[in-house]
Number of protein chains: 2
Amino acid sequence: MREATTLENKLGRILPDDLMKKYDYKPFETTEIGHPIIQRTAPKVRVSDGDGKVTNDLAKIVKDNVKDGMTISFHHHFRNGDFIFNTVMEEIMKQGIKNLTLAPSSLTGAMNDVAIKAIKNGTVTNITTSGMRGELGDVVSHGALETPVIFRSHGGRARAIENGDIKIDVAFLGVPNADRCGNANGMYGEEAFGSLGYALMDAAYADKVVLLTDNLVDYPNTPASIKQTQVDYVVEVDKVGDPDKIGSGATRFTKDPKNLKIANMVSDVITNSSYFKDGFSFQTGSGGAALAVTRYLRNAMIDQNIKASFGLGGITKPMVDLLEEGLIGKLMDVQDFDKAAANSMKENKNQQEIDASWYADPDNKGAMVDQLDVSILSALEIDTSFNVNVLTGSDGVIRGAVGGHQDAAMAKMTIICAPLTRGRIPSIVKSVDTAVTPGSSIDVLVTDYGVAVNPNRKDLQEQLSDIPGINLYTIDELAEKAQKIVGQEEPLNYTDKTVGLVEYRDGSIIDSIKEVKD
Amino acid sequence: MREATTLENKLGRILPDDLMKKYDYKPFETTEIGHPIIQRTAPKVRVSDGDGKVTNDLAKIVKDNVKDGMTISFHHHFRNGDFIFNTVMEEIMKQGIKNLTLAPSSLTGAMNDVAIKAIKNGTVTNITTSGMRGELGDVVSHGALETPVIFRSHGGRARAIENGDIKIDVAFLGVPNADRCGNANGMYGEEAFGSLGYALMDAAYADKVVLLTDNLVDYPNTPASIKQTQVDYVVEVDKVGDPDKIGSGATRFTKDPKNLKIANMVSDVITNSSYFKDGFSFQTGSGGAALAVTRYLRNAMIDQNIKASFGLGGITKPMVDLLEEGLIGKLMDVQDFDKAAANSMKENKNQQEIDASWYADPDNKGAMVDQLDVSILSALEIDTSFNVNVLTGSDGVIRGAVGGHQDAAMAKMTIICAPLTRGRIPSIVKSVDTAVTPGSSIDVLVTDYGVAVNPNRKDLQEQLSDIPGINLYTIDELAEKAQKIVGQEEPLNYTDKTVGLVEYRDGSIIDSIKEVKD
């Protein structure tokens, strides 16, 4: 028997001992959070009477407030329409500021070029984020940074901000409206995106909060998701974002037969489980299958006269439709994935904006995810221990985000939906390339070939037996099926250098990501 | 020339040197706050998944959480209808817990009997509050406590909580609704009172937050002014308060000719000042004269086609009427003085709930009071240096509250309205018994006999000259008039014992209150 060392965590993932010590990290052990006593942190506030905050001189704001070695943050609510990150980072680079830690809620494709430039010229030397994609993921996976990127879930970021693990010196927050004192929300204006959920953490905990807006409105601006009490500067810019790229636009119902089949099966799993009863709650993602699930679920809810108490998470039009039909009581909204959802937040008082802590912080007095009955999540890979990878692709390159994955997996029934294979790439594998969400928090896998229930959920196994349309397999059987289709995978080639550390939501390390060797 | 010592502050108030040193207090110097850098404090949080918070066993909650020497808090939003304070304090006394510091947002008459009992038996040995009235003020003024009561304004309390001067161990917060995880607001339920403004500070900063409610509602309860992330327990009680005593009921227009005369004159002062223009803002109190001012102001606003940007403070029905008529853009609501105002908060999205920090904390990045154009405040006494007393009566006994007085006096034009005399008691005196709000922040005094403008406001002096209906006097002239009517005042008799320290909103000491000698 091999003796356990601190180099290996409970999932059997080998962790870099030197970095674990350097950052004082513990290896992942359990999804149970327990009842620790946490001393919260708090910002240093420069007192103001609220006057004189408005300026169009971003250069001066950067010069006066951003120093070498600081931690700065952004939010990603503008998604692919974001102009703020590039505007601010270009100014920072112009001023030659170096060694910054970048701590955004996430990094979107719109930020990639500038982020890469900032890494290459030493402006940014540390990153913590929910994820990254495209060329940025590529250069990071190929060792562009000396230090590993710290990947955190949305709830994990909230936790890290609240306990001081992430200490934001200056937050640069783009908003589609603000008044002269800094009262702002995400609901009104040409580039409205709805909930400011992630950015509310930065506004509450950063020492300096800089709003950037192209829409200065009358004082006092309400509702004030971000409050004047939190804001140091209101910087007027030409344009905060591209409205057409902020939401995913009109939400389209998937026509892909694989996705529809999976969605239908997910709906069957839910409606045949003991959780499908009046007052149940659920979270879905924004993928095609997830959207389709909501439609199928709707039919079952109407047929069986079942109403949900709340829908959670990234809100989409299909969920808004259910709210308007009275099939959901409340939408708890940390971000909006499309314009219909964003618009609904300002019109419907039953769509409540929540911050990332309320959504998913494991270290507060109870987050929404802890009250979830059902969550429907996706996966790049899932292994025969039900561990899920949503971060690295089949080539080992970072091309995803932790997002709310670990957090929403706290639901009483967490369903992963994934096609058995994507082209020549299997989704079900013996061991995931990067473990992001531990298998013990995953209850059901739904693929286009059939369903696997986590063996530790005998109750669900029973509930889903002998249901027409639900073909049950073991996850090993599904992995074998996948392997038969695509053949044996080639092992990936990595160097010894660690380019990423993946925190579990409690701040322990669930896996590391190595530099890709081409 | 007498040499200045630390015993005397800038207003010439003699302060108790020993206590100033013991509590590390600075004497009041200026109303200017400046731009200090403040390290905020933060609570210690016991992590929970949100389950198991509901109980009807208050005794166990007290036993498990309240220990000798702790600081506990309550809010006063139920005003004279409050049942929570008595319920909790009786349980605490039953368990023999001693040496508590009581740190409520204020103490109302409904709490007096139990508070006195708790003082007399040593359960409560320290108090910080906005004010006290009736028999409680009487026993405290006669030395019932060994240590002085610390009087703080609503903004000053917010500041003290945010910087750690007040460290609340356990907050007991009564609410007219809550769900099983602790999401709650003040707007719905039989004992609804509207804004939870003051209590939001306790919910955010206390280590332990105990909600008490008689109205457990479905999860998730929205809007959530207090959030589940902040709440440790939800205690079910029979009744949180007496609905009839919570609001002042239907707001009555004063018929007292003195009050009407003053109100009319206040309205004339406002409408003839340079502040009366489109987009102006104002705060009024809840007294008869203040309510009448709002009505007179309404006529002038309609006549001159002027609309206010916001109304602030304790909200009343006349202000709600202006909001509904479109004469005010927004109501910024830290508390509601009557049922119509409370009801409006849940119906009208332009009536925004604000916490005490946003309302008036001098040490954040800008409070609402800093943006006020006009505030209309009352006074028990005002002296010829314009210093105002709202705490002690003509007999030297504590019978009032700092409330938002010091805070709202930050308005560009602060108007004190007071009758020249009340029976045989003059309101205008040479030197106030207790200085609560410094004269330098008071701009105009309106009495039934005429108006006095602070000599440091030459601009207002000019604006208000030669206005029909505004008879200008110096404040010395008004003091002489008052003295002629009521004769020379008898000096009050005090012992050397300090029973109260009055903080200015910045935390310096503006005055002390001595034990009354009968």
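Two strands pair if DSSP finds at least two bridges between them. Helices (H or I, at least four residues) and strands (E, at least two) are DSSP runs, numbered from the N terminus. In chain A, strand β12 (residues 280–284) and β13 pair in the parallel sense over four bridges, and the bridge partner of A:F280 in β13(A) is A:A308.

This is a predicted model, in which local features need pLDDT of at least 70 and side-chain atom pairs count only at pLDDT 80 or more, while totals for chains, interfaces and linings use all residues. Residues are numbered from 1 along each chain as its sequence is written, chains are lettered from A and ligands numbered from 1 in the order in which they are written, and side-chain values use heavy atoms, with hydrogens and water left out.

**Sheets of chain A**

β12 and β13 belong to an open sheet of nine strands with mixed pairing, in the order β15-β14-β13-β12-β16-β20-β24-β25-β26. Its edges are β15 (351–353) and β26 (472–473); each has a single partner strand, so one side of each is left without a neighbour in the sheet.

Another open sheet of chain A has ten strands in the order β3-β11-β10-β9-β4-β5-β6-β8-β27-β28, again with mixed pairing. Here β3 (54–55) and β28 stand at the edges with a single partner strand each, so one side of each has no neighbour in the sheet.

β27(A) in turn runs antiparallel to β28 (residues 509–516), with six bridges between them. β27(A) and β28(A) form a hairpin with five residues between them, and A:G507 in the turn has a positive phi of about 95 degrees.

The table lists residues that stand opposite each other in these pairings.

| Residue | Opposite residue | Strand of the opposite residue |
|---|---|---|
| A:V149 | A:G500 | β27(A) |
| A:I150 | A:L501 | β27(A) |
| A:V502 | A:D511 | β28(A) |

**The two chains together**

Counting contact as heavy atoms within 4.5 Å, 58 residues of chain A touch 59 residues of chain B. The two chains bury about 4600 Å² between them, 52% of it on carbon and sulfur atoms; buried area is the accessible area (1.4 Å probe) that two parts lose on being put together, summed over both.

The interface has two salt bridges, a salt bridge being a side-chain nitrogen of Lys or Arg within 4 Å of a carboxyl oxygen of Asp or Glu. One salt bridge joins B:D232 to A:K365, with the closest N and O atoms 2.6 Å apart. The elements that give two or more residues to the side of chain A that touches chain B are β1 (37–39), β2 (44–46), β10 (208–213), β13 (308–315), β14 (328–336) and α13 (356–360).

Strand pairing also crosses between the chains: β2(A) and β1 (residues 37–39) of chain B pair in the antiparallel sense over three bridges. Within this pairing, A:V45 has B:I38 as its bridge partner in β1(B).

Copies are superposed by least squares on the C-alpha atoms of residues with pLDDT of at least 70 in both. A rotation of 180 degrees with 0.0 Å of shift along its axis superposes chain A on chain B (RMSD 0.0 Å). That is the relation of a two-fold axis. Of the residues of chain A, A:A42 comes closest to the rotation axis, with its C-alpha at 2.8 Å. The same surface serves both copies, as 100% of the contact residues of chain A recur in chain B.
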